[in-house]
Amino acid sequence: MKPAFRSGLAVAAACACLAVFPVDIFNARAAAQQGGQDLEVLELRPNFFMIAGAGGNIGVQVGEDGVIVVDAGQAARADAVVAAIKRITPRPIRYIIDTNADPDHVGGNETLSKAGQTLFTNPGSIGITGDFLGGVASILAAQKVLERMTAPTGRAAPYPIGATPTETYDFARKYMYLNGEGIEILHQPAAHSDGDSMVFFRRSDVVVAGDVLDTTRFPVIDVAKGGSVSGLIAALNRLVDLAIPSVPIVSREAGTLVIAGHGRICDQTDVAEYRDMVTIVRDRVRDARKAGMTLAQVKASAPTRGYTKRYGSDSGSWTTDNFVEAVYQSLSQEKP
């Protein structure tokens, strides 16, 4: 069944507001609740699904080659995610692609990988040894994700070896062709973090954006892990360029679907509006800094005015003050 898209509407989900689609919703809830979870599975295209409620939003592409999963959610909900995928298709998971190194995106890596099977079943192919025959699904991410998930010799790594990427890339664009379509993995340096990727499924016309887009709040800019406001805006600009709106027939609810890291499904207009919001706040903070205002003075000037009600929060893991501070610190690190 081909879904119709309506931007701005929402259905309840465990961790996000998701756009309403008149689509088949698989009853993954029953399987998920075995572990105390509450997942929503939405069919976006005949071969493409989104799982919400396991941490970050998860993209699932299915086809004759198997299952490609973008992000794995939290570790505690990984078994529920595997159960949800098995209800979609009996085909094996082949790849997990991580959009960043945050626990709500990579926590389920090991469980999902072990639940799958590698495509590389020829001993010694592409440098893989024979004991990899029949092994687990591959995990692909930017090189910085691997660096964030591991530790130097003698130090404890934050993740087990089975959760870390088995393939990495350190250039602007990596691509594959699986399940009858081109898949582009696009590195966005210094955006939410220094290891962000966006994943574009060309025939499905779906982009999984990761945390460069979060419709539930102001964007998280992790300056300590290489994130920056200018890099985030660059990533959103690239996302706007990738997505195609429904023109010239604007009344038709069609066009590129964009899966945010958290929150509802978006179209190009939604992404452009979010980009504009970040740009306006960045410009306000930059002008205040040029006027010699301190961080405290910038916060007092309310640079997020006009957007605070929609995206702001005074509590939780990412507040409005956290966002303003991250923008201020990011700008202070940029060259004049």
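This is a predicted model: local features need pLDDT of at least 70, side-chain atom pairs count only at pLDDT 80 or more; totals for chains, interfaces and linings use all residues.
View 1. For the protein, the mean pLDDT is 87. A value of 70 or more is reached by 85% of its residues.

**View 2. The protein contains 10 helices and 15 strands.** Of its 336 residues, 54% are buried. The accessible surface is about 14,500 Å², and carbon and sulfur atoms account for 51% of that surface. Among contacts between residues at least 6 apart in sequence, 62% join residues that are at least 24 apart.

**View 3. Seven strands form an open sheet with mixed pairing.** Their order across the sheet is E3-E4-E5-E6-E7-E8-E9. Strand E3 (40-45) and strand E9 (167-169) are at the edges and have a single partner strand each, so one side of each lacks a neighbour in the sheet. From one strand to the next, the twist averages 20 degrees.

**View 4. Strands E7 and E8 run parallel within the sheet.** In general, strands of a sheet pair through backbone hydrogen bonds, either parallel or antiparallel. Here three bridges join E7 (residues 93-97) to E8 (residues 138-142). Ile-96 stands opposite Ile-139 in E8.

**View 5. Helix H2, residues 78-88, packs on the sheet.** The strands that H2 touches are E3, E4 (48-52), E5 (58-63), E6 (66-70) and E7. The direction of H2 makes about 155 degrees with that of E4.

**View 6. The largest nonpolar core has 41 residues.** In soluble globular proteins, nonpolar side chains tend to be buried together. Which residues of this core touch the most other members? They are Leu-213, Ile-221, Leu-239, Val-258, Val-271 and Val-278. Two or more residues come from each of these elements: strands E12 (196-201), E13 (206-214) and E14 (257-262), and helices H6 (229-242), H7 (268-290) and H10 (320-333).

**View 7. Val-278 is one of the residues that touch the most other members of the largest core.** Apart from neighbours within four places in sequence, Val-278 is in contact with Pro-219, Val-229, Leu-232, Ile-233 and Leu-236.

Key
Residues are numbered from 1 along each chain as its sequence is written. Side-chain values use heavy atoms; hydrogens and water are left out. Two strands pair if DSSP finds at least two bridges between them. Helices (H or I, at least four residues) and strands (E, at least two) are DSSP runs, numbered from the N terminus. Axes are lines fitted to C-alpha atoms, for helices over the stretch in contact, and angles run from 0 to 180 degrees between N-to-C directions. Contact means heavy atoms within 4.5 Å. Buried means under 20% relative accessible area, exposed over 50%, partly exposed in between (1.4 Å probe, protein chains only). Accessible areas come from the Shrake-Rupley method with a 1.4 Å probe; for residues, only the protein chains shown count as cover. pLDDT is the predictor's confidence in each residue, from 0 to 100. A nonpolar core is a set of buried Ala, Val, Leu, Ile, Met, Phe, Trp, Tyr and Cys residues joined through side-chain atoms within 4.5 Å.
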